Amino acid sequence: MKFGTKAVHAGIEPDPSTGAIMTPIYQTSTYVQESPGKHQGYAYARGANPTRNALQKSIAALENGKFGICFSSGMGATDAVIKLLNPGDEVITSNDLYGGSYRMFKHVFEKYGIKFHFIDLSNSANIAPYLNKNTKLMWLETPSNPLMRITDIRACVAIAKKQNILVAVDNTFASPFLQNPLDLGVDIVMHSVTKYLGGHSDVIMGALVVNDEKLQQELFFIANSCGAVPGPFHFGPVLLFCPRRRRQTTRRGSSFSLSPRIPPDTSRIARRARPIHRVVQWPPRANRHPVPPSPRSVAGRDLRRS
Ligand SMILES: Cc1ncc(COP(=O)(O)O)c(C=O)c1O
C-alpha cells in the first residue's frame, strides 16, 4: 500500500456492530461482560477501546510496523519506554533533545537510578566511550528539536545490536512520510502525534510502534498499568477527520527535505525552507528512503498552492 492509501485506509474496518464504514468514537469506560472475564475483547477502556485500536493499527501501518500503542501525549509514550528499564541501567541519548524529554530523563528518571549520557550523536563515533554492560537503551531523536541535528540511525543500530541494546527513535520531526526507523533496524518508534500526525494542533497524543510482540506486550502492560492513555475524543479526530490532512502535513513537513529540488526564490515556502535545509542537509544518505520526485517540488507555482 502506498503512503497516501495507508494514511486514509490502514487500520479502518467497517464497524462490526453497525456496519458504519468509519470507526465510531466509542465513548465508554467499560464494557458488558457475559460473565467475569468473558467479553468481546474489551473489558475496560484504559486497556482497550475499538477507536483507539483502529488508530493504533493505522499509525503502525504508516511506520511499517506490526503494533501501535497510543498514549495521552508524546511524553506519555516516552515515559513508557523509559519504564522498561531498571535502576542501574544506562541510556545513551543526544545532547540536543526536545526539552521535555531532557527534563523527564534528567529530573524524573535519574532519581530512580537510571543514568543518561547526553552526547553529540551527530557522530556515532562518540558513542563507544559511553558503552558498558549497563547500557540498555539508545534514545535517538533525528532530526532533533530544536537544532535539527541528524543522527545516523543505521550506524547507531549497528553499534547497539552488538550489545543487545534497545534502540528507540523519536520520529516526530521526520514523520513517517520521510523516515521509517523500524525499516532501519530500530526497535521502537515514538511519535508526538500532537505534531505532524495530528496535523490540526487540536490534539495532544503520543504513540509507539514496534515489531516485536513481546516488546509490545511489555509496553502495553506499562500503558495499562500507569494509565497515560488517550480518551476517545482525542483519538477520534486523529483517526476520523485527519487522514488526508495527515498525509498533507507530513508531506509539507518534509518540504525542507525536498528543497534541493526547489529552484531558488520561486515561492514563499522555498524561501522559508532554504535556511533549514542549509542547516540540516536532510535526510542524510544513511536515513534516506527513496522519495519519488514530486512535480510540486520543482514547480514554484504548484508549491504556492500547497
Ligand atoms: C521531538 C518531540 N518529541 C516529543 C515531544 C513531546 O510531545 P507531546 O507534546 O505530545 O507530549 C515534542 C513536543 O514538542 C517534540 O517536539
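Which residue is the bridge partner of Val169 in S6? In the predicted model, the partner of Val169 is Val189. This bridge belongs to the pairing of strand S5 (residues 166-170) with strand S6 (residues 188-192), which is parallel and extends over three bridges. Val189 also stands opposite Val209 in S7, and S6 and S7 are joined by five bridges in the antiparallel sense.

These pairings are part of an open sheet of seven strands, ordered S1-S7-S6-S5-S4-S2-S3, with mixed pairing. Strand S1 (67-71) and strand S3 (115-119) are the edge strands, each pairing on one side only. From one strand to the next, the twist averages 20 degrees. Helix H6 (residues 213-226) packs on the sheet, where it touches S1, S6 and strand S7 (206-210), and the direction of H6 makes about 15 degrees with that of S1. Strands of a sheet pair through backbone hydrogen bonds, in either a parallel or an antiparallel arrangement. S1 and S7 run antiparallel and are joined by five bridges; within this pairing, Cys70 has Ala207 in S7 as its bridge partner.

S7 is mostly covered, with five of its five residues buried. In a regular strand, side chains alternate between the two faces of the sheet. In S7, Gly206, Leu208 and Val210 point one way, while Ala207 and Val209 point the other way, and all are buried.

Nine of the nine residues of H3 are buried, so H3 is largely enclosed by the rest of the structure. These residues are Gly74, Met75, Gly76, Ala77, Thr78, Asp79, Ala80, Val81 and Ile82. They pack against the strands S1, S5, S6 and S7 and against the helices H4 and H6.

The shell around the ligand holds 15 residues, of which Ser73, Gly74, Tyr98, Ser192 and Thr194 come nearest. By class, the shell consists of nine polar, four nonpolar and two charged residues. Gly74, one of the nearest residues, is also among the buried residues of H3.

Lys66 lies in the loop between helix H2 (50-62) and S1. Lys66 counts as partly exposed because 15 C-beta neighbours lie inside 10 Å, whereas a buried residue would need 20 or more. Leaving aside residues up to four places away in sequence, Lys66 touches Ala60 and Asn211. The C-alpha atom of Lys66 is separated by 9.9 Å from that of Leu182, although the two residues are 116 residues apart along the chain.

Overall, the protein has 12 helices and seven strands. Of its 306 residues, 43% are buried. Among contacts with a separation of 6 or more, 71% come from residues 24 or more positions apart.

The average pLDDT of the protein is 84, and 77% of the residues score at least 70. Over residues 254-282 the pLDDT is below 50, and this stretch has 45 contacts in the model beyond near neighbours in sequence. For residues 291-306 the pLDDT also stays under 50, with 21 contacts beyond four places in sequence. Where pLDDT is low, the predicted coordinates should not be read in detail.

Conventions: Residues numbered from 1 in each chain as written. Predicted model: local features only at pLDDT ≥ 70, side-chain atom pairs only at ≥ 80, totals over all residues. Near = placed C-beta within 6 Å. Nonpolar A, V, L, I, M, F, W, Y, C, P; charged D, E, K, R; others polar. Pairing = 2+ DSSP bridges. Helix = DSSP H or I, 4+ residues; strand = E, 2+ residues; numbered from the N terminus. Axes fitted to C-alpha atoms, helices over the stretch in contact; angles between N-to-C directions. Contact = placed C-beta atoms within 7 Å. Buried ≥ 20, exposed ≤ 12 C-beta atoms within 10 Å, placed from the backbone. pLDDT = per-residue confidence, 0-100.
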